[in-house]
Amino acid sequence: MPHDDPPAALSPQLCQRYSSLIWSFLDADLSKSALFYAEQYYVVNPMNHDARHLYATALMQAGQPHSAFRLVNLPPDTRCTGCVEVIAKCCMKLGRHRQAREAFETCLRDHAYIPSQSMGSRIARSFPDEAILYCLAGNAALKGNLHECASMNYRQALALNPMLWEAFEGLCAIGDIPPIDDLFPNRPSPVLRKPGEDPKVGPSKPIPTATGAGFFTPDAAQGRNPFYGWKPELRMGAPAGARDSIGTVDLSFYGEPSFQRPVRPSRSQPNNLVQPPAVRPLSSADEAGPVTKKPRSTARQRTAPPSTTAADTHHVKPSKSAGSLPGGPGLAGDRTKSSKARARPVLTIANISSSPGCPAQAATASSRSHAVGIGKPTTSSMARRSTRLQSGGSKAAKTVRDRRRVATKTRSQSHDSGLEEEPGGAEQPPAFAPASPLAQAGHTDPSPPPSGAWTAEQEQAAQEAYWNELADITIYDVMKKFASAARAMALYDCRRCLEEMEKLPAAHKRSASVMAMLGKAQYELGVYPEAERAFEAARNLEPYRLWDMEVYSTLLWHLQRNVKLSFLAQELLSIDPKAPQAWIAVGNCFSLQKEKAQALTCFRRAAQLDPTCAYAYTLSGHESIDEDLNKAINFFQCALRADARHYNAWYGLGTCYMRMSKLRLADYHFKKASQIHPQNAVLLGCVGVVRERYGEFDRALELFNQAIGFSPENALVRYHRAKILIAQKKYTAAVRDLEQLRDTSPDESNVLFQLAKVYRLMGNEVKFAQLLAEVRDVAPKSVAKIRKLVETVKDPDVGEEVMDEG
């Protein structure tokens, strides 16, 4: 079977970032976040089998095994063994156990298959990190209607890990959404480090990397958003492998454990551990002049007790011929010195002996050779060592220690000078600086290269770090564009949502989730034909999709698409009989057939399957509103308990109170619905109708004008505005609105009645007679109304009173 090669369109770093990000959310049971990024990974390169496997796995964990099965059920000549393994899992979910057995046996027969990047070995974190716990706490609080607590938890989660899409969706559900730039600040573009640049001079904050603890791991000592003003720091260690460790501490971020152990919080903390030999590029004793050898732990590291013997010194003395070991005393103890030693020319024995002020360097060199085992010790050197060890409190030993302290301080001031200060200035303590991961992992050669050197390893590491930063920013920017569109949709700013979706990359515009969001935005704007096309495109891309299908079924109900609605209901019911979206579609189908009892039963079944489905309660209330107002009010209140921002339930309560002539309660609920969805023409029209009932015609006309500005095609709002214009004796403007309604709705008898009334008030008896004839043809049962209109005198007040019945 064919193997899975990385796609040419995506860099290996981007593939690795997507893979580790998705798996971290799958391990944390955040299926929505995993599905969001898995779909992005798949749509940018659908030919990549690794992206296909991850997307199918996310769909399967999200409860969509049919969609996952369709995604990996490719022709036998194009699918890999990884696809077959996912097929087997999907068959197990769907209860197709025989097909699952065949698929597993097919996987066993392919011994040469190399797993894709996402299917290889990895380490998962058993306990979630802080950001994921905040997100899970927010989900629980949201379901318990603790919106303030949920909002606080979601904000904390996004501050720790801005890639938690599920936390952002929770804020959208609550409606408490800060500006996008506050939640997701802009990040600087990555810069490739050039030769000769010292990474310690540049930014010091590490790059957030992908781990199981969250895709971007923030600084532990920083409480705010980790992306606010952060700057990348290039890691010069070995580049990460094809797959980062998921769920454990990211080694590329925190360093190896051996790097951390020698680091001590203060100089007063003892460190009696015997360190393995490591490379010491150039110690402070190399410039200390012609002194005899003494135990290094007393003056150099200052960690061992003063009673350290010469025999112990041989265990801590680093060997120049030994291999480099990260975390040894040469790197952990003199980190600052090691990093600065790379920036100056290599000092050899020749130029050390030629340094001024050092008349006896040869003796020092011979004693150093003895310490590391190169050559045999001389008699004079042994005599000097025994004399010095026996007289530990002598003035000569004190002078040696002071000279070495001075050498440590002098190096920070001049790198190339071999001169030393006088012993009188040795009373200042040496400067100890904490080590950086770069100084620990990057310096392994015994002789550091000159400052202008740029090795192949350093260049490869810098390039690798640059591509990792570029992959992080690519994912982050795409997520931010989706967040802008989702925020506009959650606030029902549908036109802004359409504008934000236009900014998405071309590949993402063709995804099923974007098409579904486009359909919902068009539906909320009242542009039903465009919304229908968007939902059809989403179903073509993902035929087994269940999400958002309740909105699509209601759209077909408004468009009176009886056949399409029936077919949709049957398909959804065959995909998942326990999905509330399927039963809502069935209920809409019965409602379109005027079978209210069966429709109400289906809506109740949907509410039983998902008690948090507010739309099922709302549709139940609309089905009951004509028979029992109190029962409908109960359904609408249940919907608001499930979702306080469900404006349809607020609108339903306002309608019930309007029919009960409780204008104050109706006005309150209509205004609440209009606050949630401020651009809905129907809601603004309802608020205007209440103002009209109160006799506030100017305020009502203002609301009707605003509603028509949002939706010029809304016939109901235009009809109410025409009635207001008639009451204000603005007959010409009323005729324009009524003529337009007559063209769009020629069979509406109320429009014809109002138009006939206006023409009679204007004195046009011919038009008046023609329109009455049309009314008699359209509505034969309205003969009594026509007779009353003919018998009334031409008084606008009397005419208005008579026509209020229509």
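Modeller: The structure holds 27 salt bridges, each being a side-chain nitrogen of Lys or Arg within 4 Å of a carboxyl oxygen of Asp or Glu. This is a predicted model, in which local features need pLDDT of at least 70 and side-chain atom pairs count only at pLDDT 80 or more, while totals for chains, interfaces and linings use all residues. Residues are numbered from 1 along each chain as its sequence is written, and side-chain values use heavy atoms, with hydrogens and water left out.

Glu532 is buried, with a relative accessible area of 5%, whereas Lys564 is partly exposed at 35%; buried means under 20% relative accessible area, exposed over 50%, and partly exposed in between, for a 1.4 Å probe and protein chains only.

Within helix H5 (residues 81-94), Lys89 and Glu85 are four residues apart, and therefore about one helical turn separates them. Their side chains meet in a salt bridge of 3.0 Å, N to O, and Lys89 is partly exposed, with a relative accessible area of 39%.

In helix H38 (residues 731-744), Glu739 and Arg742 lie three residues apart, about one turn of the helix, and their salt bridge spans 3.8 Å from N to O. Glu739 is partly exposed at 21% relative accessibility, as is Arg742, with a relative accessible area of 22%.

Finally, salt bridges also link Lys520, Glu542, Arg545 and Asp548 in a network.

Key. Helices (H or I, at least four residues) and strands (E, at least two) are DSSP runs, numbered from the N terminus.
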